[in-house]
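Please look at the sequence and the model before reading on.

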Amino acid sequence: MSAPLTTVHDVPRIGLHDVPRTMLDKLWDAHEVLRRDDGTSLLWVDRHLVHEGSHHGFAKLQARGMQVAEPSLTFGVVDHYAPTRAGEMARDVRHMIDTLVRNAAATGIRLFDLRDPGQGIVHVIGPEQGLTLPGLLINCGDSHTSTHGAFGALAFGVGATEVAHILATQTVWQKRPKTMRIVFDGALSPGVTAKDMALHWISRLGTGGAQGFAVEYAGPAVDALSMEGRMTLCNLSIEGGARLGMVAPDEVTFAYVKGRPFAPRDFAVACADWRALGSDAEAVFDREVTFNAAQIAPTVTWGTSPEEALPITGVVPEAAQSTLEYMGLDAGMPLETVKVDQVFIGSCTNGRIEDLRMAAAVLRGRKARVPGLVSPGSAIVKKQAEDEGLAQVFVDAGLEWADAGCSMCVGMNGDLVEAGKRCASSTNRNFKGRQGRGARTHLMSPAMVAAAAVEGRLADVRPLLEGRL
Amino acid sequence: MSGWSQIKGRAVALDARNVDTDQLIPARFMSQPRDQGYGGFLLHDVRSDDAGHVLNRYAPQVLITRENFGSGSSREAAVYALVDFGIKAVFAPSFGDIFSSNAVNNGLLPARLTEAEIDALIDTLGGDDAAAFVDLEKGEAEIAGTKLRFSIDPVWQQKLINGWDDIDMTAQYAAQITEFRGKRLAAHPWAMPTTD
């Protein structure tokens, strides 16, 4: 076997540029070890996050008799199969968790296991622990790795073969994607959130709308988002086809990062570097799209693809018969008349403290008409929600308060929606069978899930929030 | 992984858009070890709900399908399911980005045709199978008697033909990686996680 093209381009470094650069350019240049003649770059990986699903990657490494190149830059967490409720663990769940524990111990990786106070969903705990920082390249064998781009990081999901490559070399081969800027002008209305912004752009551009692009989110409505909101927005990039989503770091970012366990102690020096990361004013994007945030309404999905989303005031549109049949809907039905059987609040998309606060603001002093599960994004979020009295609000409303994990977003741990049941869910995918075989998923913000719980149907959260925000 | 340059086999049409990786392999099968084969998991729920499904009637090497094939979850198991079922090439107008990389890393060709070409092929094939010939080096195929030129990233084309393995390829750059690491961490000490 021989390599394809051995000439390596001189890679220009920061400081030598006259041409205005996008944030993607800056991040890419800062991580490019070399570039082959065919245009493929070898990129340095600053953080590699692994979970139970990374077992194929570890197996590939072991089959070659190789070691983990940089255990101190690799972090593991139990999330996909993490049990969220008391009871006996299923055998395959136990096996998946044990395999990760064994792999982490054998390779010297810091693992956030089920007993760790820092355990939680990988895309929640990375930022929470200060492992996620502006300017880093972050990989994980999970498509929602784009979440970490909210900090101004180059963060993207990879498959098992790439996981093995990163474990072995701490680098990844990639072609530079095209650049796309999605601008949100104006300001969001009360009760409208980052989740609605994401579902809105995906419904307009389609699930393949950003394929081949790295998306940078910008504009006043993005600047106004908390880090939690920016993470939600970047998290859903992949549902619009983009492997990467990012937001330029600013004071909101720095305030979030400061003092976190793994964050730099020499913070001023780091911030000075990070302030230079944003796209230059004159930088040109391959594609640019603008939305008016003020025109975005609380949005829900009605179909089996994230692009099949509409304002809650809408009606079920004409669509493929197979989709309507799967979802148990008829064209022309007002979305607000669609009854739900259960609700779920949680996931890497919307399992953070701000999400729980919004849902609790709707539920406080009210009862849910349908059963539901609330799974915080991490053990730390769980503790905080309990300290703030949010957990009690959920319990008083009749919902089940559970432990942290991917839970009912993907159902690997057994938290499933039964066939034919309809779930209002704060998660990221309404694919057929995603929450369980035959399950009918409607994606929406945590506040909208809370509204659905209170009304027992898809409902507009805005009237329920009056006087509560 | 061994490379390949031609396929002679059979093709079928999967007439669906946005076939995501959750459909290609439902999550509950992903805890299974690979050595038992993932072919039985391919489109498991779709196939078990539809006895007449085209993949219950044929064992093709080539799949013709609609846009955004393999979107969603990064699970490489979706590619394992296709490969273990015997599929060597998928033709579609577009693919999920992570799926495409995973496919090429496992010898599976994600080849792009225009929507019009796909429409015509799906029309011709209907629910039946037909002869298929794929020439990866030339970027040409003949499916159900129709001659076609397909698009594939030239880097991926070479990788598939030669069966290149990235870990082997990267080994020759070990010195450059070490040098880069040293420079990066010296210039940006904050990039190293703080440990007390």
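## Chain B

The model is predicted. In chain B there are 9 helices and 7 strands. The C-alpha trace of this chain spans about 60 × 40 × 30 Å along its principal axes.

Of the 196 residues in chain B, 45% are buried. Among the contacts in chain B with a separation of 6 or more, 73% are made by residues 24 or more positions apart.

## The contact between the chains

To the contact, chain A gives 58 residues and chain B gives 45 residues. On the side of chain B that touches chain A, the elements giving two or more residues are the helices α1 (21–24), α5 (97–104), α7 (154–162), α8 (166–171) and α9 (174–187) of chain B.

By residue class, this side of chain B divides into 19 polar, 15 nonpolar and 11 charged residues.

## A hairpin in chain A

Strand β1 of chain A covers residues 32–35, and strand β2 of chain A covers residues 40–44. The two strands run antiparallel and are joined by 3 bridges.

Together β1(A) and β2(A) form a hairpin, with 4 residues between the strands. The turn contains Gly39(A), which has a positive phi of about 95 degrees.

Conventions. Residues numbered from 1 in each chain as written. Chains lettered and ligands numbered in written order. Predicted model: local features only at pLDDT ≥ 70, side-chain atom pairs only at ≥ 80, totals over all residues. Buried ≥ 20, exposed ≤ 12 C-beta atoms within 10 Å, placed from the backbone. Contact = placed C-beta atoms within 7 Å. Nonpolar A, V, L, I, M, F, W, Y, C, P; charged D, E, K, R; others polar. Pairing = 2+ DSSP bridges.
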